[in-house]
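I opened the notebook to look up how this chain packs.

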Amino acid sequence: MALMRSVATIGGYTMVSRVLGFIRDTLFAAVLGAGMAADCFLVAFRMPNFFRALFAEGAFNAAFVPLYSRLLAGEDGKARAAQFAGEIATLLTIAVTAFVALVMVFMPQAMHVLAPGYADEPAKFALAVDLTRLAFPYLAYISLISLQGAVLNANHRFAAPAATPILLNIVLITALLIPHTYIATERTQAAAVTVAGIVQFVWLMVHLERVGLGIRLHWPRFGAEIRRFFALLMPAVIGAGIYQVNVLVDMVLASLLPEGTVSYLFYADRLNQLPLAVIGIAISTALLPLLSRQLAKGHIDLAVETQNRALEGAALLTLPAAAALATIPETIIGVLFQHGAFTSADTIETARALGILGLGLPAFTATKVFTPAFHAREDTRTPVRLALIALLVNFAVALATMWWLHQAGLALASTVAAWVNMAQLMLVLRKRGHFQPDRRLLRRLVGFALATAAMVAALLLLEWQLRPLFQLALWWKVGALAGLVAAGGLSFLIAALVLRAVAVADLKRLVRRGGGG
């Protein structure tokens with residue numbers, strides 16, 4: 001229950017961040033539209049975020065948290081762990097400062113790689129260079145923010161790090177609302193990205209000091225822990241790179257298909273990513289420090305049990321979400337996106353991709369549960385090798401199906417690859433004795449599956465009953481969809497309680513305050 005309360009904390013803040021992100025995107029579209037200024041800002045925003053995705057998110061946690069937790073669990077643990085964090089902070093500060101300065105100096109050359117098409121339009125190229133120089137220092141701050149968040153997460157303090165993306169959205173929304181009499185909106189937005197990094201950094205620094213975990217710079221001794229950190233970091237960065245390559249491959253293949261395919265996949269993936277972020281990433285973030293601490297203390301059996309409970313919680317939260325996406329995709333897409341230029345035909349095509357991606361959601365989430373079991377054991381290489389196999393599967397299935405299924409074929413490839421990757425991770429863990437499903441997990445998985453079937457039946461019946469409301473004004477549609485989703489979730493919960501896949505006592509403990517925040 002402590003794990004699930006931590007997941008609820010992280011997931012709740014993530015949901016708030018996603019809602020604010022949607023508001024930010026809506027305001028951005030209203031203020032800047034889709035012209036040259038918007039294009040240049042999105043390029044400027046994408047560049048630091050690309051490097052963040054490669055290095056400063058999961059890859060850093062995978063390398064840092066297990067080593068920090070091991071030191072924390074040892075003799076004189078707090079002092080040794082603080083020394084290690086300070087040494088990493090010193091190296092990180094030097095490395096990212098030098099990298100950011102170098103890229104900013106050679107930004108015109110970098111822009112030829114990032115947006116080569118802009119070179120034929122001097123004004124657009126110059127604007128993109130200027131905006132990227134304003135936004136790129138964000139990379140330095142977000143790298144240090146990753147370290148701060150990792151220290152807090154390793155000490156089971158999840159709320160402050162989970163709230164940092166909210167601050168980014170608040171700063172960018174504020175910048176959009178400022179009257180732009182003297183400074184162009186796109187320049188204000190680019191500068192706001194760096195300002196947001198400063199705000200996030202100070203936010204976490206204050207929280208670290210408040211709980212006695214303030215990071216002090218120490219000149220690194222390049223001892224065993226530092227060398228081990230880089231040995232773990234590089235495979236994790238490669239793994240993040242494989243994911244980015246996967247996204248790029250899907251985009252390239254989609255560009256070979258009829259017009260609209262890229263957009264259909266984009267909108268479908270945006271919806272699929274919401275439960276994945278709120279559930280899968282939240283569980284992964286909470287699970288890694290817990291497993292690392294248990295294994296550092298030699299509690300092997302407890303770590304295996306924790307893995308079972310995490311998978312159980314993931315299934316409880318993911319299966320109803322996946323069922324909704326796979327069962328009523330047209331209704332969801334129609335209410336959320338079918339306005340203005342987005343037609344009913346676009347809704348049908350996007351729903352084809354969303355329904356198939358929904359079938360892969362349990363596998364995507366389970367992967368987020370199994371991967372920390374490797375990282376907590378200081379093994380970042382195996383998940384990378386398995387991810388590479390999944391990438392090849394994705395490419396093969398996409399080539400075999402995309403020409404006749406179009407975006408549905410690409411979605412099918414992603415779903416098949418997700419199940420293959422999840423199965424590989426699970427089998428390797430079982431072979432090594434690091435995962436053994438217990439009777440409670442198997443019994444509850446069966447109960448969740450039956451409850452999901454009951455929910456699907458309820459959704460289909462209720463959607464048929466509410467169909468006239470989906471032909472009315474927008475607010476009627478939104479209300480009907482909200483009611484449909486709530487009724488579906490309630491039917492799942494009731495069925496799960498009847499089947500004893502969920503206990504009332506568990507729900508009471510879950511909502512009780514304490515732990516994991």
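**Cores**

I looked up the largest nonpolar core: it has 103 residues, and Phe-64, Tyr-68, Phe-84 and Phe-229 have the most contacts inside it. Helix α7 (residues 138-154) gives the largest share of this core, 11 residues. A nonpolar core is a set of buried Ala, Val, Leu, Ile, Met, Phe, Trp, Tyr and Cys residues joined through side-chain atoms within 4.5 Å. Buried means under 20% relative accessible area (1.4 Å probe, protein chains only). Helices are DSSP runs (H or I, at least four residues), numbered from the N terminus. Another core lies apart, with 46 residues, among them Ala-323, Ile-356, Val-397 and Val-502.

I noted that the model is predicted: local features need pLDDT of at least 70, side-chain atom pairs count only at pLDDT 80 or more, and totals for chains, interfaces and linings use all residues. Residues are numbered from 1 along each chain as its sequence is written, and side-chain values use heavy atoms, with hydrogens and water left out.

I then took Phe-84. Leaving aside neighbours within four places in sequence, Phe-84 is in contact (heavy atoms within 4.5 Å) with residues including Phe-64, Tyr-68, Glu-225 and Phe-229.

**A helix pair**

How do α15 and α16 run relative to each other? The axes of α15 (residues 381-405) and α16 (residues 407-431), lines fitted to C-alpha atoms over the stretch in contact, come within 7 Å and cross at roughly 155°. The two helices are therefore roughly antiparallel (angles over 145 degrees, between N-to-C directions on a scale from 0 to 180).

**Gln-189**

Gln-189 sits in helix α9 (residues 185-210). Gln-189 is buried, at 1% relative accessible area. Beyond its neighbours within four places in sequence, Gln-189 contacts Phe-28, Phe-41, Leu-172, Ala-175 and Leu-176.

Notes:
Buried < 20%, exposed > 50% of the residue type's maximum accessible area, 1.4 Å probe, protein only. Parallel < 35°, antiparallel > 145°, perpendicular 65-115°, else oblique.
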